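Let's walk through this protein together, one piece at a time. Keep the picture handy as you read.

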Amino acid sequence: MKFLLVENRPENLDLIQRALREGMNGAPFAVDHEISFSEALQKMKRGRYDVCLIDDRPGEDESLDFLRALRAQGHVCPVIFFSRQSDQARTVQAMKAGATDYLAPGALTPEALARAVRDSLYTSK
């Protein structure tokens, strides 16, 4: 399984990789990491990803713009948003823009991430 992670904090890269290792129960996976949404969009054009994980950066619309561009270009891979802030309106915006799931602050546990990945892959079929 191949993930594209769009995250601007290096400490979260380790956290997410650990969560995937624990939550995926030994299933092989690879994570490509990008800090920039524009670079991530280029990576999506060049490669195939099973799931895209996006850090929804508080106070910025760039993550939603990225998701809209992704969908406008015809990419159908599941997209899981995660955030540092709890904002129900933002969650609704992300889901309307095409997110498959949205993990609230504190919900980025191995179990929750694995569940979100499994559910996203199931619903995208």
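A disulfide is a covalent bond between the sulfur atoms of two cysteines. To be counted here, the two sulfur atoms have to lie within 2.5 Å of each other. With that in mind, how many disulfides does the structure hold? This is a predicted model, and it holds 0 disulfides.

Cys-52 has a relative accessible area of 0%, so it counts as buried. Cys-77 comes in at 8% relative accessibility, which means that Cys-77 is buried too.

Cys-77 also leads us to our next stop, the largest pocket. Rolling a probe the size of a water molecule over the atoms shows where empty space is left. In the largest pocket, that space comes to about 180 Å³. Its lining is made of 11 residues, and the ones nearest the centre are Arg-48, Tyr-49, Asp-50, Val-76 and Cys-77. What classes do the lining residues fall into? The lining has 6 nonpolar residues, 3 polar ones and 2 charged ones.

Now for the sheet. Strands of a sheet pair through backbone hydrogen bonds, either parallel or antiparallel. In this model you'll find an open sheet of 5 strands, paired in parallel and ordered E2-E1-E3-E4-E5. At the edges stand E2 (30-34) and E5 (101-103); each has a single partner strand, so one side of each is left without a neighbour in the sheet. As you step from one strand to the next, the twist averages 20 degrees.

E2 runs parallel to E1, and 5 bridges join the two. To spot this pairing, find Val-6, which stands opposite Glu-34 in E2. E1 itself covers residues 2-6 and is mostly covered, with 4 of its 5 residues buried.

Which residue in E5 does Ile-80 stand opposite? Look across from Ile-80 and you'll find Asp-101.

Notes: Residues numbered from 1 in each chain as written. Predicted model: local features only at pLDDT ≥ 70, side-chain atom pairs only at ≥ 80, totals over all residues. Heavy atoms only, no water. 1 Å grid on protein atoms, 1.4 Å probe; cavity = no way out; pocket = protein on both sides within 12 Å on 5 of 7 lines; lining within 4 Å. Points joined across faces, edges and corners; volume = space filled by probe spheres on them. Nonpolar A, V, L, I, M, F, W, Y, C, P; charged D, E, K, R; others polar. Buried < 20%, exposed > 50% of the residue type's maximum accessible area, 1.4 Å probe, protein only. Pairing = 2+ DSSP bridges. Axes fitted to C-alpha atoms, helices over the stretch in contact; angles between N-to-C directions.
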